[in-house]
Amino acid sequence: MAIQDIYPTALRLLGRPVLVVGGGPVATRRAKGLLDAGARVTVVAPVASAALTELADAGLLTWERRAYVSSDVDGVWFVQTATGTPAVDSQVAADAEAQRVWCVNASDHEASAAWTPAVAVVDDVQIAVNAGGDPRRAMALRDAVATALETGDLPLRRRRKSGASAGSANGSVALVGGGPGDTGLITVRGRRLLGQADVVVADRLGPRGLLNELAPDVRIIEVGKTPGHHPVPQAEINRILVAEALAGNRVVRLKGGDPYVLGRGGEEAEYCRQHGVEVEVVSGVTSAISVPAAAGIPVTHRGLAKGFSVVTGHEELSEVPARPDHTVVLLMGVSQLRQSAAALAGAGLPLGTPVGIVENGYLPNQRVTIGTLGSIADQAEATGVANPAVIVIGDVVRVSPFAPSHFKIADYSTTAPNSPRVPAPNTPVLTP
Ligand code: SAH
């Protein structure tokens with residue numbers, strides 16, 4: 001049968017009686033699909049699967065425990081026959097045809113009056129695939145389309161604003177952790193929400209490359225500090241999120257790293273909720289862990305460090321264990337690096353403790369500077385180290401492929417995954 005001879009449509013079976021003949025795996029699957037669509041399902045079969053029996057026992061469908069008779073087709077809107085016996089299926093199909101009731105005949109695809117496509121649902125989108133009478137091919141295609149929708153590779157974004165018919169007059173806000181900047185380090189969920197956004201409220205850090213892939217009519221509101229522009233104050237960001245959502249937009253607040261790691265995500269979520277706006281928070285890959293990794297530095301490592309602390313500067317350092325085997329990660333720490341190093345030294349951390357600074361992690365201009373607690377402030381000043389940078393203090397820095405050879409205490413061979421990220425040949429990597 002030519003695919004052109006098929007007329008695709010969607011049936012609304014809610015509350016309507018339908019008939020399933022047969023009790024095996026195909027009948028079970030179809031009965032469940034019909035129940036999901038809200039149909040009133042009657043199964044006719046002398047024997048039925050455990051799943052069908054359970055549904056019947058629970059009162060969700062009616063099971064007539066007997067052989068099929070032609071009058072079973074009377075008064076139903078739709079018939080599925082899957083008895084496993086072609087002669088019976090043909091009889092059911094013929095009875096349905098005589099009554100002008102649409103029937104899917106599982107044992108004779110070519111003769112079947114109706115076909116059941118391979119179906120997937122992603123959010124409020126349903127995909128139904130008919131593929132030239134090859135069900136496995138249809139399923140493979142269905143799966144590929146569903147995956148592409150889930151990962152945000154297809155334009156899932158609504159073109160019609162939600163209104164009374166969509167159940168809500170309001171839009172929503174998603175606080176999406178975008179990761180440290182590489183477009184591959186956002187979560188699948190975050191990417192998908194970004195693909196559905198009407199408005200994106202963007203930071204300076206994070207996977208900015210994804211902004212170029214948004215549809216032209218998606219509004220991008222920049223709230224991060226960019227050259228020549230002051231950052232938008234937090235209160236104003238909160239206000240924008242709520243106002244855009246209340247105007248019916250799906251808003252993605254695209255943040256660098258993880259929304260809840262020194263990112264004020266909690267405040268944004270709280271403000272939205274206080275103003276009646278639905279919020280979803282999507283975790284992200286925090287720069288505190290991933291940016292050191294971009295320089296081959298694990299924040300914990302067997303034999304070197306069992307734990308780590310993430311802080312912003314010298315004030316919190318008094319709370320942190322001052323030992324080379326407890327890794328300290330400083331975010332936003334460049335301007336206070338000298339005071340922070342002094343605070344740790346004052347707390348007893350040896351001056352020879354290795355320190356790594358990774359600027360612009362995962363970006364083309366990534367630069368790694370490695371020194372010691374005693375030397376790092378001078379080195380950073382000399383090479384003009386600037387934010388964004390993550391500073392890592394502790395013995396784990398020895399593992400970095402960028403560490404000078406006299407720092408290395410063993411070959412931990414962690415270089416392979418990061419080998420494409422070596423700094424440019426002219427990158428100054430000072431040693432103490
Ligand atoms: N919520 C974010 C952190 C925000 S604070 C997260 O979880 O990653 C901003 C600081 O993050 C910067 O000052 C810098 O210390 C760090 N940072 C974020 N992205 C970075 C990157 N690509 N390279 C280096 N540092 C980065």
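**Exercise 1.** Which polar backbone atom is 2.8 Å from a nitrogen atom of the ligand, and to which residue does that backbone atom belong?

*Solution.* The model is predicted, so local features need pLDDT of at least 70, side-chain atom pairs count only at pLDDT 80 or more, and totals for chains, interfaces and linings use all residues. Residues are numbered from 1 along each chain as its sequence is written, and side-chain values use heavy atoms, with hydrogens and water left out.

Step 1. A polar contact is a pair of N or O atoms within 3.5 Å. A polar backbone atom of Gly-361 lies 2.8 Å from a nitrogen atom of the ligand.

Step 2. A backbone N or O atom of Pro-180 is also 2.8 Å from a nitrogen atom of the ligand, and a polar backbone atom of Ala-389 is 2.7 Å from a ligand oxygen atom.

Step 3. The ligand alone exposes 550 Å² (Shrake-Rupley method, 1.4 Å probe), and the protein buries 93% of that area.

**Exercise 2.** Identify the residues and elements that surround the ligand.

*Solution.* Step 1. The shell holds 19 residues, each with a heavy atom within 4 Å of the ligand. The closest are Val-261, Thr-286, Ser-287, Gly-361 and Ala-389.

Step 1. Helix 8 (287–294) and strand 17 (389–393) are the elements that give two or more residues to this shell. Helices (H or I, at least four residues) and strands (E, at least two) are DSSP runs, numbered from the N terminus.

**Exercise 3.** Which ring lies under the charged end of Arg-16?

*Solution.* The ring is that of Trp-77, whose centre is 4.3 Å from the charged end of Arg-16. The criterion requires CZ of Arg, or NZ of Lys, within 6 Å of the ring centre and within 35 degrees of the ring normal.

Terms used: A polar contact is a pair of N or O atoms within 3.5 Å; within protein, one must be able to donate a hydrogen and the other to accept it, and residues adjacent in sequence count only if both atoms are side-chain atoms.
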